[in-house]
Amino acid sequence: MTLGIGAYFSRKNTDTDEYFLGGRSFPGWALGLSLVGTCMSSVTFLSHPADAFKTSMIRLTILLAFPFVSMFAVFVLLPFFRRGTISSAYGYLAQRFGRSVSCYAAAIFFLLQVIRVSTILYLISILIHSVTGLDFIICLLAAGGVTAFYTVSGGFDAVIWTDVIQTITLITGSIIIIGLIAYKSDGLMPLIQAAAEHGKLSFVRDLNPVTGELESMKSGFSLTDKTFVMLLILGVVQFLGGQFDQTSIQRWCSAKSPAEAKKAIYFLAFAAVPIWASFMFAGTMLWAFFYFNPDPAVTEMLSGVRKAEEIIPYFVMNYVPAGLAGLIVAGALAAAMSSLSSSINAASMVWVEDIYKPYLVKSRDDRHYLKVGFASAGIVSLLMVGGAYWFYKADANTLNDLATIISSICAGGMLGIFLVGVLTRCGDHRAVWLALAVNAVVTLYILLDNKGIVPDRFSLSINLYYTALVGNLLTFSAAMLAGVFFKSNVKDFTNLTVWDQEKKPLV
């Protein structure tokens with residue numbers, strides 16, 4: 001079906017506005033479902049259950065910040081991107097700080113999207129490998145190839161309408177898994193009780209990487225340890241940065257009206273956390289199920305001999321009837337394809353509109369840039385396959401843990417720069433580059449410190465989880481300070497800060 005949708009919409013892609021924004025004609029409900037599908041991905045379907053299965057509910061704390069951050073998007077950010085003048089966060093940065101900053105931010109986004117799609121493709125390839133028994137590489141190429149075909153050929157129209165179908169399929173996945181566990185266990189209450197007694201439902205206990213046991217975390221504020229408060233703050237920073245993500249802004253700009261764009265954000269804000277929680281709860285119930293029904297293979301996953309991300313595929317293959325197993329696999333495939341297609345299309349749009357067109361090849365006709373869009377989507381797909389293979393060879397506690405650390409490191413302080421631009425009139429490109437240099441030095445120092453290279457007496461003991469938090473705070477502070485000396489050369493701040501919005505209806 002997805003291949004057919006891609007082929008159908010390929011006929012409409014006659015210009016870049018249609019290919020990257022679908023002609024700006026989508027209803028809010030469709031965009032909301034698409035945003036849910038994009039946020040969920042196979043990271044939700046496989047990695048979130050695996051994380052709760054092996055540790056606790058602790059990383060759900062990060063996700064609790066999402067609805068609050070979404071409201072910031074509705075009331076503050078949406079007006080920036082519904083004025084009809086820009087269609088990307090990097091177009092905004094070009095107006096506010098100049099094209100050099102815009103190009104850098106676009107490159108960071110491009111890198112993060114490659115990391116994201118690689119993670120997702122790796123996870124779904126594991127599932128296909130477990131279900132079919134085919135070689136992992138064949139599964140990787142098959143899953144990546146199908147998604148790449150309909151995304152590259154069908155453009156944004158294909159992305160949105162396949163997302164709608166895939167998200168509905170995805171949501172049924174956790175319900176089926178939890179229902180099956182309840183059926184096989186004569187109800188969930190004994191499982192919930194066992195999970196609670198062993199700290200699996202806790203928001204304040206995490207896995208000790210040395211002993212492999214759950215232990216209580218420290219409380220309060222700390223840059224050394226994971227605490228409930230710090231993970232909640234990390235969630236705010238992580239999702240706030242995500243509101244400047246092109247996969248989000250692309251949908252806001254593609255809605256047929258500002259009201260429809262708001263509907264999409266509201267839908268996402270109040271649907272995402274319950275869905276995330278359901279998948280983590282499914283992982284916890286899997287732990288409890290195997291606590292009462294020991295299985296040597298599952299014990300290996302808990303001990304680290306096998307990857308925890310194998311728990312859903314293993315359960316599907318060995319404990320689920322064939323018909324229902326097909327529905328679960330379909331849900332996982334749907335989750336993966338929805339996120340992969342969105343990120344591939346958004347990354348190719350950013351490459352064309354924010355890097356290629358303004359810097360590399362200027363003043364060509366739209367047909368040329370449309371061809372480059374097709375080509376860049378194909379290149380992102382190839383990088384995705386290579387990255388997924390790297391994850392396959394990587395060694396980590398859980399992939400959810402590894403992905404959080406990588407995202408923190410690669411965030412590059414860009415949230416701090418966006419906030420300086422949106423909230424103040426301070427600084428120009430020189431202030432921004434100085435702030436980014438400060439962020440780079442501090443991030444490198446934290447990395448070396450965590451590798452044990454920095455002598456103990458000079459150690460900051462900052463957990464890698466908080467690299468993005470520290471980096472963005474320093475970047476914001478450094479840019480504000482540098483802005484005292486490097487004044488902005490923008491003459492008209494209309495629609496460039498929250499204090500300078502036009503008093504007219506959005507388009």
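Me: What share of the 507 residues of the chain counts as buried?
Reply: 59% of them count as buried. Keep in mind that this is a predicted model.

Me: And what is the secondary structure of the chain?
Reply: There are 20 helices and 2 strands.

Me: How does the radius of gyration sit with a compact globule?
Reply: The chain has 23 Å, and a compact globule with 507 residues would be near 23 Å, so the two agree. The C-alpha trace spans about 70 × 60 × 40 Å along its principal axes.

Me: Which residues have the most contacts inside the largest nonpolar core?
Reply: Tyr 90, Leu 93, Trp 276, Ile 311 and Ile 417, in a core of 151 residues. Helix H12 (residues 258–292) gives the most to this core, with 18 residues.

Me: What does Tyr 90 touch, leaving out residues up to four places away in sequence?
Reply: Its partners include Phe 109, Phe 244, Val 350 and Phe 418, and also Gln 246 and Asp 354.

Me: Switching to the outside: which residues form a nonpolar patch on the surface?
Reply: Val 204, Phe 221, Phe 228, Val 229 and Leu 232, with about 430 Å² of accessible area together.

Me: Where is Phe 221 found?
Reply: In the loop between strand E2 (214–216) and helix H10 (228–242).

Me: Why does Phe 221 count as exposed?
Reply: Because its relative accessibility is 67%, and exposed means over 50%.

Conventions
Residues numbered from 1 in each chain as written. Predicted model: local features only at pLDDT ≥ 70, side-chain atom pairs only at ≥ 80, totals over all residues. Heavy atoms only, no water. Patch = residues over 30% accessible without salt bridge, like charges linked within 9 Å, V, L, I, M, F, W, Y side chains within 5 Å. Areas by Shrake-Rupley, 256 points an atom, 1.4 Å probe, with all protein chains shown as cover. Salt bridge = Lys/Arg side-chain N within 4 Å of Asp/Glu carboxyl O. Helix = DSSP H or I, 4+ residues; strand = E, 2+ residues; numbered from the N terminus. Buried < 20%, exposed > 50% of the residue type's maximum accessible area, 1.4 Å probe, protein only. Rg over C-alpha atoms; globule rule 2.2 N^0.38 Å. Core = buried A, V, L, I, M, F, W, Y, C linked by side-chain atoms within 4.5 Å. Contact = heavy atoms within 4.5 Å.
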